[in-house]
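Please read them with the structure open.

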Amino acid sequence: MPDRPWRDRYLVFGAPYIGSEERAEILACIDSTWVGSGPRVERFEQQFRDYLGAPSAVALSSGTAALHLALRELRLAPGDEVITTAMTFCATANAIVHAGLVPVFADCDRATMNLDPAELERRITPRTRAIVPVHFAGLPCDLRAIMAIAERHDLRVVEDCAHAIEATIDGRHCGTFGDFGCFSFYVTKNLTTVEGGMVVGRAREHADRIKIAALHGMSKDAWHRYRDEGFVHYDVVEPGFKYNLTDLAASLGLHQLARLESMWERRRQLWAFYEAELRDLPLLLPPKPPAGVRHALHLFTCLVDDTRTRVSRDDVLGRLHQLRIGCGVHYRPVHLHSYYRTRYGYAPGDLPNAEFVGARTLSLPFSGALTDDDAGDVVRAFRMVLG
Ligand SMILES: Cc1ncc(COP(=O)(O)O)c(C=O)c1O
């Protein structure tokens, strides 16, 4: 057992760091009397666009909404196929279905857990129209290969950047390579607005259409109708959705964005600590990015190495939970969930690498909110369970 008393507080997986700047901005937003979508959202969009170097950005209520509206904006025909990875959150595939398209899962690489370009190319059929690569855990996909495949086969690309805000390839941000980049500001993400998302794109006109689709299909949003310049009527140009981000949420986002790099630096320290302290345990540690690639360091995801331990992944999760350490599982492969099996006929054995990862994976508590003591407790707990 450890020398100092064991922790009495449960270490919640992915608990965010929210500072005094966010608190003050939220109060200022409330005091401004405008808490719905308005000037703070516009500022957040502009600053996010500047951070990424993207031509356009639209803030939305979730990353799922961003994926849905980006896929819809591709204007594909119902039943067209979109290839994605099974090693992702279900939202990636669900959004493809919501857009009236058919998700086709390609296998991932076992080490990087990212879409394997060779497997992706193998899944292309005459009905394939788009690819949704996911930069898993914050490690950029092999976009050079994926974009070349897209060009060869005339396919659109929507990057799922839910894990990858800070990720770059040769200095260029993930999310700016494809037709669209979709970001999530869910509570566990590197930047959180509690719930929220952003879609970035190459052309302003896409952004304008997405903005309209995100708010009932109305030609003018509430801020532009009610603000002090006088009332303006709107026209409904399509039956849109209710996917807008609020100024209250953007109050968080503005300050989370301002400290994105210092939080990344903090996570880099934690990453190095975990790497050094867990090296000798029966775990396969996260891969290192290749030269010229910046990892967004979103998830510290390991595989339990069953050639070196008889303790199963689920036993590790259970025992860590008893020690008040909350871990995550990223992910049980999407093709094995019952909807995807039943609707599209997927079965165990179809995607061996995603299934290999899915059976062994676990993600450690890892966020800018973690203290040195928290990280030390995580390591001590892992040593008790697997040492
Ligand atoms: C890879 C991935 N894609 C999409 C999403 C969906 O984002 P959101 O929860 O903001 O809808 C998430 C996160 O939750 C995710 O991890």
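Predicted model: local features only at pLDDT ≥ 70, side-chain atom pairs only at ≥ 80, totals over all residues.

1. In total, 17 residues surround the ligand. G63, T64, D160, S184 and K189 are the closest.

2. Which helix gives the most to this shell? That is α3, with three residues. Both α3 (63-73) and α4 (90-98) supply at least two shell residues each.

3. In T64, a side-chain N or O atom is 2.4 Å from an oxygen atom of the ligand. For K189, a polar side-chain atom lies 3.1 Å from a ligand oxygen. Y331 also places a polar side-chain atom 3.1 Å from an oxygen atom of the ligand.

4. How much of the ligand does the protein cover? On its own, the ligand has 380 Å² of accessible area, and the protein covers 94% of that. The space the ligand takes is the largest pocket.

5. Now the sheet. Three strands form an open sheet in the order β7-β6-β11, and the pairing is antiparallel. β7 (172-173) and β11 (293-294) stand at the edges. Each has a single partner strand, so one side of each is left without a neighbour in the sheet.

6. Look at the β6 and β7 pair in detail. Strand β6 covers residues 168-169 and pairs with β7 in the antiparallel sense, over two bridges. Which residue of β7 is the bridge partner of I169? The partner is R172.

Methods
Residues numbered from 1 in each chain as written. Heavy atoms only, no water. Near = heavy atom within 4 Å. Polar contact = N/O pair within 3.5 Å; in protein donor to acceptor, adjacent residues only side chain to side chain. Areas by Shrake-Rupley, 256 points an atom, 1.4 Å probe, with all protein chains shown as cover. 1 Å grid on protein atoms, 1.4 Å probe; cavity = no way out; pocket = protein on both sides within 12 Å on 5 of 7 lines; lining within 4 Å. Sits in = over half its atoms within 2 Å of the grid points. Helix = DSSP H or I, 4+ residues; strand = E, 2+ residues; numbered from the N terminus. Pairing = 2+ DSSP bridges.
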